[in-house]
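Please keep the sequence and the model in view while going through them.

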Amino acid sequence: MFDFFSVLIPFLLIHTICDFYLQTDRWVEAKKARTYRSPELYLHATLQGVALLLPAMALGIDWLSTVCLIVIVAVSHFIIDLWKVTTPKGDKLAYFVIDQALHVSVLAAIAFHVADGASIDAVLQHERFSDGVLVVFAYLLILKPTSIVIGAVLSKYPIVNSAMDTDAVTDTDVVAEPVSDKTANVSGLVAGGELIGYLERLLILTFTLVGSYAAVGFVLAAKSIFRFGELNQSANRSMTEYVLIGSLLSVVITTLIGALVSLGVDIKFK
């Protein structure tokens, strides 16, 4: 009798080893250059399938299911990788995420089929299913929706000094409308500032959910150290206030969401 996660986790381990450690940069470049004519593409897909012999044998999966498993994984991996290397913007992060999500989906579907007693109804009725949905919702909530809220608040506090050091804006999620032509180049830094905000909130929410508030304090302290020199040397008080408002809003919103979710899923506060 197989449990879903006891099957999926070894499959994911093999996928990670073959996709990131056994696949060399030369293979990757060869696949991009020659696409379906590349022997490396076929070799990598075959390796992904054959390597699953190890977890299949360890789990005691019957030989017919093992053969089907190898064929399905090898063929699906070939098709997904071929799609990625033939896509003009295949090197973009979004395509990497889609590529890995497709691979994991195939392995999850196989694990779901192999696992005994697994069904959609069983998953939906699991005692921890609603908790998992709530946690996922919290992570989604602290990203783009929170950035929009922070941007709306910051729009009420424009930076009034047009001669400010524009590099200081990189720490906020959303930059207010520039007040002069001298601040127009700030827009190029918005994506970087938003990414910083995302990473910060992901860390804070994770630490809050596990009850590690000391780690949340460490994140805030580390961020303050990096920002202190820049803000201390800035003659623009509104710039300092702008950054502080954005940072504190990010921390407060994320911590509150984390605390509420912790109460909802009955996680003990440490």
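1. Helices here are DSSP runs of at least four residues and strands are runs of at least two, numbered from the N terminus. The model is a predicted one. By that definition the protein has 12 helices and zero strands. Read from the N terminus on, the order of elements is therefore α-α-α-α-α-α-α-α-α-α-α-α.

2. On the chain as a whole: of the 270 residues in the protein, 38% are buried. Among contacts between residues at least 6 apart in sequence, 67% join residues that are at least 24 apart.

3. H3 covers residues 39–50, which is 12 residues, and spans 16 Å from its first C-alpha to its last, close to the 16 Å expected at 1.5 Å a residue. Which residues of H3 are buried? They are Glu 40, Leu 41, His 44, Ala 45, Gln 48 and Gly 49.

4. The loop between H2 and H3 contains Thr 35. The phi of Thr 35 is positive, at about 45°, although this residue is not a glycine. Is Thr 35 buried or exposed? Thr 35 counts as buried because its relative accessibility is 14%, and the cut-off for buried is under 20%.

5. Thr 208 lies in helix H10, residues 190–209, and counts as buried because its relative accessibility is 1%. The side chain of Thr 208 reaches the backbone oxygen of Ile 204 at 2.7 Å. Not counting residues up to four places away in sequence, Thr 208 touches Tyr 213, Val 216, Thr 255, Gly 258, Ala 259 and Ser 262.

6. Val 261 belongs to helix H12, residues 237–264, and is buried, with a relative accessible area of 6%. Leaving aside neighbours within four places in sequence, Val 261 is in contact with Leu 134, Val 135, Ala 138 and Leu 209. Val 261 and Val 135 are 126 residues apart along the chain, yet 6.8 Å separates their C-alpha atoms.

7. The largest pocket holds about 400 Å³ of space. Its lining consists of 19 residues, and those closest to its centre are Gln 23, Val 28, Lys 31, Lys 84 and Phe 96. H1, H2, H5 and helix H6 (93–114) are the elements that give two or more residues to this lining. The largest share, four residues, comes from H2. By type, the lining of the largest pocket divides into five nonpolar, five polar and nine charged residues.

8. How many cavities of 30 Å³ or more does a search of the whole structure find? The search finds two. The largest cavity has a volume of about 80 Å³. It is lined by 13 residues, with His 15, Val 73, His 77, His 103 and Leu 107 nearest its centre. H1, H5 and H6 each supply at least two residues of this lining. The lining of the largest cavity comprises eight nonpolar residues, five polar and no charged.

Note on methods:
Residues are numbered from 1 along each chain as its sequence is written. This is a predicted model: local features need pLDDT of at least 70, side-chain atom pairs count only at pLDDT 80 or more; totals for chains, interfaces and linings use all residues. Side-chain values use heavy atoms; hydrogens and water are left out. The expected span of a helix is 1.5 Å times one less than its number of residues. Buried means under 20% relative accessible area, exposed over 50%, partly exposed in between (1.4 Å probe, protein chains only). On a 1 Å grid over the protein atoms alone, a cavity is a set of points where a 1.4 Å probe fits but cannot get out, and a pocket is an open set with protein on both sides within 12 Å along at least five of seven lines; lining residues have an atom within 4 Å of a point. Grid points are joined across faces, edges and corners, and a volume is the space filled by probe spheres set on the points. Ala, Val, Leu, Ile, Met, Phe, Trp, Tyr, Cys and Pro count as nonpolar, Asp, Glu, Lys and Arg as charged, and the others, Gly among them, as polar. A polar contact is a pair of N or O atoms within 3.5 Å; within protein, one must be able to donate a hydrogen and the other to accept it, and residues adjacent in sequence count only if both atoms are side-chain atoms. Contact means heavy atoms within 4.5 Å.
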